[in-house]
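Please look through the structure shown below before reading on.

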Amino acid sequence: MTQTSPRRRIRWSTVSDHTILTLGAILMMAPPLLAFITASHDAVTIHRQGIQLGFGDQLGTNFQKAMFEKGGFTQTVDGTLMLINSLILGVGFALGKIIISMMAAYAIVYFRLRFATLAFWMIFTTLLLPLEVRILPSYEAIQRLGLANTYTGLIVPLIASATGTFFFRQFFMSVPEELAEAARIDGAGPVKFFIDILVPLSRTMIAAIFIIMFVFGWNQYLWPTLITTDESFFTLVRGIKQIVLSYTDAQIPEHGQALALAIIAMLPPVLIVVFFQNWFVKGLTESDK
């Protein structure tokens, strides 16, 4: 008499969890997929029929025109230049925030200033003041300094970061005090201790903050719209609007090229998150000391 193995019971909680995750993934992937499919059609088809569910024959043409064909009011700007501008803004934005945040957190934790805690909480409360609240004084300051239509004007006003200061402060507070004392005994000054010890210890935290700030800077639309009137400084997010032309005589908006440019604008943040996700998790959950 053969013994039958017991049936494996279905864990409905697991089934429901995977179902919800699958539906969520489909919901997140549907808009980019529809944009990619629709970008393969010509402007007339998209204008008449809207979002498409089947591939057309204009995908390569739309991507080529979006990236390499000169356009805009001056007919001198293409998608490649806007991509470069977006990379400059994203990288400069992230690096600037990391440098300023690390220096601020270092001063608050290690310099034993009398009002260090008060200064930290004043910095932290700026999280309640988004860019939209301080947009007018920031714009006025940039105009008076003559930094409009410059990379400096795009990046510098936004590099102060309460979020970055908070994370680096928490990390520096977890570094053993004995490490600072040993460095002091060995003759390491404040600058040497910061560069040679704290920065290497903070590499996973730096990677995590870089990912967050790069994506945030890359997706900026309001500030570049206000501070740049010269098309040579337009970013991808700013330039997509320029491709979707309004009606001029019989001209139809180039939705196919705009969707192609939108797909390209999605790729760098996605690639950075995918390839550096392990560093991102380590930086926010582990103390790599």
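Leaving aside its neighbours within four places in sequence, with which residues is Leu198 in contact? In this predicted model, Leu198 touches Tyr106, Tyr110, Phe172, Val175 and Phe193. Leu198 also belongs to the largest nonpolar core, which has 51 residues. Those with the most contacts inside this core are Leu198 itself, Tyr110, Phe168, Phe172, Trp223 and Leu236. Helix H4 gives the most to the core, namely eleven residues.

Attention now turns to helix H6, which spans residues 135–145. The buried residues of H6 are Ile135, Ser138 and Ile142. Because these residues cover an arc of only 70 degrees around the axis, they lie on the same side of H6. An α-helix has 3.6 residues a turn, so residues three or four places apart point the same way. The buried residues of H6 pack against helix H7 (151–155) and helix H12 (222–227). The face turned away from this buried side carries the exposed residues Leu136, Pro137 and Arg144. Just after H6, Gly146 takes a positive phi of about 70 degrees.

How confident is the prediction? The protein averages a pLDDT of 83, and 91% of the residues score at least 70. Among the elements, helix H4 (residues 79–110) has the highest mean pLDDT, 91, while helix H15 (residues 277–285) has the lowest, 73. Over residues 246–250 the pLDDT is below 50, and this stretch has two contacts in the model beyond near neighbours in sequence. Where pLDDT is low, the predicted coordinates should not be read in detail.

Methods: Residues are numbered from 1 along each chain as its sequence is written. This is a predicted model: local features need pLDDT of at least 70, side-chain atom pairs count only at pLDDT 80 or more; totals for chains, interfaces and linings use all residues. Side-chain values use heavy atoms; hydrogens and water are left out. Buried means under 20% relative accessible area, exposed over 50%, partly exposed in between (1.4 Å probe, protein chains only). Helices (H or I, at least four residues) and strands (E, at least two) are DSSP runs, numbered from the N terminus. The arc is that of the directions from the helix axis to the C-beta atoms. Contact means heavy atoms within 4.5 Å. pLDDT is the predictor's confidence in each residue, from 0 to 100. A nonpolar core is a set of buried Ala, Val, Leu, Ile, Met, Phe, Trp, Tyr and Cys residues joined through side-chain atoms within 4.5 Å.
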